[in-house]
Amino acid sequence: MGELVKVSQMSVLQKSGWKKSVVRFAALTTIAAATLVATPASAQFYMKSHDFSGETVRGDEAGIGLDLPDATEAELTAGLVWNLRAALNIAALQCQFEPTLLTVPHYNGMMIDHAAELKSSYATLAKYFARKNKVPKMAQNALDQFGTRIYGSFTTSAAQFGFCQVASNVGRDAIFTPRGSLHLVAKQRMREFRNALVPWGEQRFPRGIGFDRTVLMPRMDAICWKKDSWNTKTCGPTVQWVMR
C-alpha cells in the first residue's frame, strides 16, 4: 500500500503540472533553512561587538574576583565554578529584556546538568572558610559574604549589552559541557566574563566623526617679530611655519 500511495501521488503531481513548482518550493525552503542555521541565535546589539575574550585562568590572578588567600588549587577551582554560577545567575535576572539570549534556560540547564559539581564546589569552599575561621559561625558568615561579593561584582548596567552577550555564549557552552567538566568552562571563560563588565560600544564604525585638529601656523615667538614684520636677523630670512 505504501508504494501505491507514492506512485499515485507522483502521478497527480505530474498530471497537474505542479512538479516544477514543488521542486522550486523545496529549493527555496532549503535555502531559507540554511540561512537560519547560519544566523546566530543570540541577539546582536551592534554590527560588530567588542572582543572580550581572554586567557585561561587559574583563579588567583588579579581582576578575576577571587579573594581566597592561601587557597589550594582545588579551592581556587571551586571558587571559579562558583563565580561562573553567580555570573550566569545574574545574567538570567538582568538579561531577560532580550529573550533570544536564552540566559534563563541556560542557567536552569546548568543548575540541573551540573548539580553534582556545583554541590562539590560549594562543599570545597565551605571547608576552605572553615579552615580559615575556626569558629563555625564566623566560617559560615565568611562564606556568605564571599558569595554576596561575587554576585555584586557581576552586576552592571553600563556594560549590560556586552555582558549579556558573553553570558549567552558562556551559558550555551556550559550546558553542552560534559558533566564534571564545568570547571574547565570557568577557567577558560572567566577572564572573558570579567572583561565584559567594561562597557564598549559599536566596533564596526568609529564612535565619532574624526577631524584633523592640527593647523599650520607661523611661528609666533615675540623674538621673531618686529612690530608686524618678520625679524630676519633673529629667526632667518623667511617666515617659519609650525603645526599646532
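These legends accompany several close-up views of a predicted model. Local features need pLDDT of at least 70 and side-chain atom pairs count only at pLDDT 80 or more, while totals for chains, interfaces and linings use all residues. Residues are numbered from 1 along each chain as its sequence is written, and side-chain values use heavy atoms, with hydrogens and water left out.

**View A. A look into the largest pocket.** The volume here is about 200 Å³. (A pocket is an open set of points on a 1 Å grid over the protein atoms alone, where a 1.4 Å probe fits, with protein on both sides within 12 Å along at least five of seven lines; lining residues have an atom within 4 Å of a point. Points are joined across faces, edges and corners, and the volume is the space filled by probe spheres set on them.) Of the 13 lining residues, Ser-49, His-50, Gln-165, Val-166 and Asn-169 are the closest to the centre of the pocket. Helix H7 (residues 160-176) gives the most to this lining, with four residues; helices are DSSP runs of H or I with at least four residues, strands are E runs of at least two, and both are numbered from the N terminus.

**View B. His-114, between two helices.** Look for His-114 in the loop between helix H4 (103-113) and helix H5 (115-132). His-114 counts as buried because its relative accessibility is 1% (buried means under 20% relative accessible area, exposed over 50%, partly exposed in between, with a 1.4 Å probe and protein chains only). A polar atom of the His-114 side chain lies 2.7 Å from the backbone oxygen of Ala-174. Beyond its neighbours within four places in sequence, His-114 has contacts (heavy atoms within 4.5 Å) that include Thr-177, Pro-178 and Leu-182.

**View C. The buried residues of helix H4.** Thr-103, His-106, Tyr-107 and Met-110 are buried in H4. Down the helix axis, the buried residues fall within an arc of 95°, so they line one face of H4; the arc is that of the directions from the axis to the C-beta atoms. Their cover includes H3, H5, H7 and helix H8 (182-195).

**View D. Leu-93 in helix H3.** Helix H3 spans residues 73-94. Leu-93 counts as exposed, because its relative accessibility is 59%.

**View E. Gly-201 in a loop.** This loop runs between H8 and strand S1 (216-218). Gly-201 is buried, with a relative accessible area of 18%. Gly-201 and Lys-48 are 153 residues apart along the chain, and their C-alpha atoms are separated by 8.8 Å.

Definitions and conventions: Polar contact = N/O pair within 3.5 Å; in protein donor to acceptor, adjacent residues only side chain to side chain.
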